[in-house]
Amino acid sequence: MTTAPQPTQPATRLNAEAGDHVVTADPAALAAGAAAVERTYQAFPYYQLRYGERGRAFSASDSGWLMTVADLDDAAALSEIQWLTRVLAARGMPSLLMEVHLRHLAQELDALVAAGQPQWGDRAERFRRIADQLQGARRLVMPAEEADALVSAFVAAAPAPEAARLPHTGELLAAALADERDGVRQAVPSVLSWLADAERFPPAWLAAVHALVAAGQARPEPAPDGPAR
């Protein structure tokens, strides 16, 4: 089904610090985006603890922009979202966060479809497909088994109070390592600048964080292809 493009507005109407791009002006899309932001922040308290209300404002404007990107075809939408994903990964927001947020956006659009607004269905499916592609790209450079092992070791070593306050930290660190392997040079340092801040966290937490990163960066490089024997 072909859907009409959404009305748009300057991003600065949602976030005074946003750039000169446009975001959706559709009330239903804005409400869905706001609900998805809330769900993503609840899943990853790291967002709020690190970036505060300024971060929420950017999440709102980014989500409004993502809603307009959902009007593009799959290839164009993927290209745009990959660009933003890499920009954010270099600023302390590993690509896993975008993947999860796209799934939340899709679920919120599903709710609109269920409420009798079928025009959002194609957009929800596009977000899901792109989230799957982001996940697939990450698993190409860091298989799920390796990521799970890194996360399990971190969970076993991290002190309970900090782990409870910052759930899914192991997953974020593993995702940052995957982004680094995929060419985002600042992916790991930008996350460590906060998660490994000695003025913010106790030594046991710092040791667990550094151990995960060291293990992920110490993987053996694959042997070059040689003649068959």
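Student: Are α4 and α8 roughly parallel or roughly perpendicular to each other?
Tutor: This is a predicted model, where local features need pLDDT of at least 70, side-chain atom pairs count only at pLDDT 80 or more, and totals for chains, interfaces and linings use all residues. Residues are numbered from 1 along each chain as its sequence is written, and side-chain values use heavy atoms, leaving out hydrogens and water. The axes of α4 and α8 (lines fitted to C-alpha atoms over the stretch in contact, with angles from 0 to 180 degrees between N-to-C directions) are 7 Å apart at an angle of about 110°. Under 35 degrees counts as roughly parallel, over 145 as roughly antiparallel, 65 to 115 as roughly perpendicular and the rest as oblique, so α4 and α8 are roughly perpendicular.

Student: Which residues of α8 make the contact with α4?
Tutor: Contact means heavy atoms within 4.5 Å. S95, L96 and L97 take part from α4. From α8 come E171, L172, A175 and D179.

Student: How many residues in that contact are charged?
Tutor: Asp, Glu, Lys and Arg count as charged; Ala, Val, Leu, Ile, Met, Phe, Trp, Tyr, Cys and Pro as nonpolar; the others, Gly among them, as polar. Four residues of the contact are nonpolar and one is polar. The charged residues number two.

Student: What does L102 contact beyond four places in sequence?
Tutor: Neighbours within four places are left aside. The residues remaining are L66, I81, F127, I130, A131 and L134.

Student: Where is Q217, and is it buried or partly exposed?
Tutor: Q217 is found in helix α10, residues 203–217. Buried means under 20% relative accessible area, exposed over 50%, and partly exposed in between (1.4 Å probe, protein chains only). At 44%, Q217 therefore counts as partly exposed.

Note on methods: Helices (H or I, at least four residues) and strands (E, at least two) are DSSP runs, numbered from the N terminus.
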